[in-house]
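Here are a few friendly notes to read alongside the model. Please keep the 3D view open and find each residue as you go.

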Amino acid sequence: MPARQRITARNARFQQWEALLTNRNKRTRAREFLVQGVRPISLAVRYGWPVKALIYDGGRELSQWARELLRVVDAEPIAMAPDLLSKLGEKNGSPPEMVAVVEMPADDLDRLPVGSGFLGVLFDRPTSPGNVGSVIRSADAFGADGLIVSGHAADLYDPKSVRASTGSLFALPAVRVGSPRTVTDWVAARRAEGRPIVLVGTDERGECDVFDFDFTQPVLLLVGNETSGLSSAWRDRCDHTVSIPMTGSASSLNAANAATAVLYEAHRQRIAAARRR
């Protein structure tokens with residue numbers, strides 16, 4: 001497919017896309033972010049995310065995958081010089097075949113589907129974008145319905161977060177919120193509709209072990225940040241707290257690992273309950 005534009009030297013458009021890699025404010029204002037890799041780009045397309053541009057290596061023969069994307073995706077095709085595309089792909093040496101410019105969805109909690117078996121995750125003030133992406137990946141793997149990132153936190157659309165999610169960002173609704181009140185109002189509204197969501201916090205001094213809590217009910221799992229755990233605002237809002245029994249010399253788990261352990265237990269309980277029915 002012939003390109004409507006070729007970019008062979010640094011220009012304003014290239015600089016705009018390059019800024020999306022490192023400048024959160026510019027990502028937010030543009031409501032766009034960059035996606036790298038065959039699987040993440042393919043999942044973004046599969047799940048219907050608006051792709052604004054497909055930037056491809058103008059210096060080589062494209063694969064069937066790339067040619068098909070350029071044929072079927074309603075996005076601006078941009079042929080770019082390999083050395084410039086390497087910068088957008090954050091690779092030293094050989095450039096990626098393609099980088100996609102994708103539009104951010106609205107941060108609307110109603111994007112999370114709340115059925116009778118709802119399982120959601122709230123990550124309170126995470127500082128590491130890699131951990132955000134890892135939690136998204138685990139939530140997707142273990143059947144969660146969505147992720148909420150709360151407070152002053154690492155950016156959901158930071159390239160490190162997008163990469164760490166390995167494409168699950170596009171399959172699992174993920175929403176950013178500023179304050180606990182926004183979430184608790186949303187939970188109250190769902191409860192009023194007959195969806196009795198229970199807020200369950202992870203804490204090393206939880207009221208019971210994770211194995212002893214009933215995760216087959218509608219649950220919003222609250223995970224604290226990497227340094228200080230759950231904020232007092234979220235601790236006060238918990239209906240229950242659970243802990244992960246540990247042995248050995250480790251005093252705690254990485255936040256993403258802790259979330260994964262609890263999500264696995266919730267998934268295990270739900271599979272067991274389904275088999276008993």
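1. **What you are looking at.** This is a predicted model, in which local features need pLDDT of at least 70, side-chain atom pairs count only at pLDDT 80 or more, and totals for chains, interfaces and linings use all residues. Residues are numbered from 1 along each chain as its sequence is written, and side-chain values use heavy atoms, with hydrogens and water left out.

2. **Confidence.** pLDDT is the predictor's confidence in each residue, from 0 to 100. For the protein chain the mean is 93, with 97% of residues at 70 or more. Helices (H or I, at least four residues) and strands (E, at least two) are DSSP runs, numbered from the N terminus. Of these elements, strand β5 (residues 98–103) has the highest mean pLDDT, 98, and strand β1 (residues 5–7) has the lowest, 83.

3. **Arg-31.** Look in the loop between α2 (24–30) and β2 (32–36) for Arg-31. Arg-31 is not a glycine, yet its phi is positive, about 55 degrees. With a relative accessible area of 30%, Arg-31 is partly exposed; the cut-offs are under 20% for buried, over 50% for exposed and in between for partly exposed (1.4 Å probe, protein chains only).

4. **Thr-166.** Another positive phi, about 50 degrees, belongs to Thr-166, which is not a glycine either. You will find Thr-166 in the loop between α7 (159–164) and β8 (174–177). Its relative accessible area is 24%, so Thr-166 is partly exposed.

5. **Aromatic pairs.** Rings of Phe, Tyr and Trp (its six-membered ring) pair if their centres lie within 6.5 Å; planes under 30 degrees apart are stacked, over 60 edge-to-face, and the rest tilted. How many aromatic pairs does this rule give? The count is seven. One of them joins Phe-33 and Tyr-157, a tilted pair at 4.7 Å centre to centre with 45 degrees between the planes. Phe-33 sits in strand β2 and Tyr-157 in the loop between β7 (146–150) and α7, so this pair ties together parts 124 residues apart in sequence. Phe-33 is buried at 0% relative accessibility, and Tyr-157 is buried at 1%.

6. The rings of Phe-33 and Phe-170 are stacked, because their planes are at 10 degrees and their centres 6.2 Å apart. Phe-170 lies in the loop between α7 and β8, and Phe-33 in strand β2, so the pair ties together parts 137 residues apart in sequence. Both Phe-33 and Phe-170 are buried.

7. **The cluster.** Finally, select Phe-33, Trp-49, Tyr-157 and Phe-170 together: ring pairs link them into a cluster.
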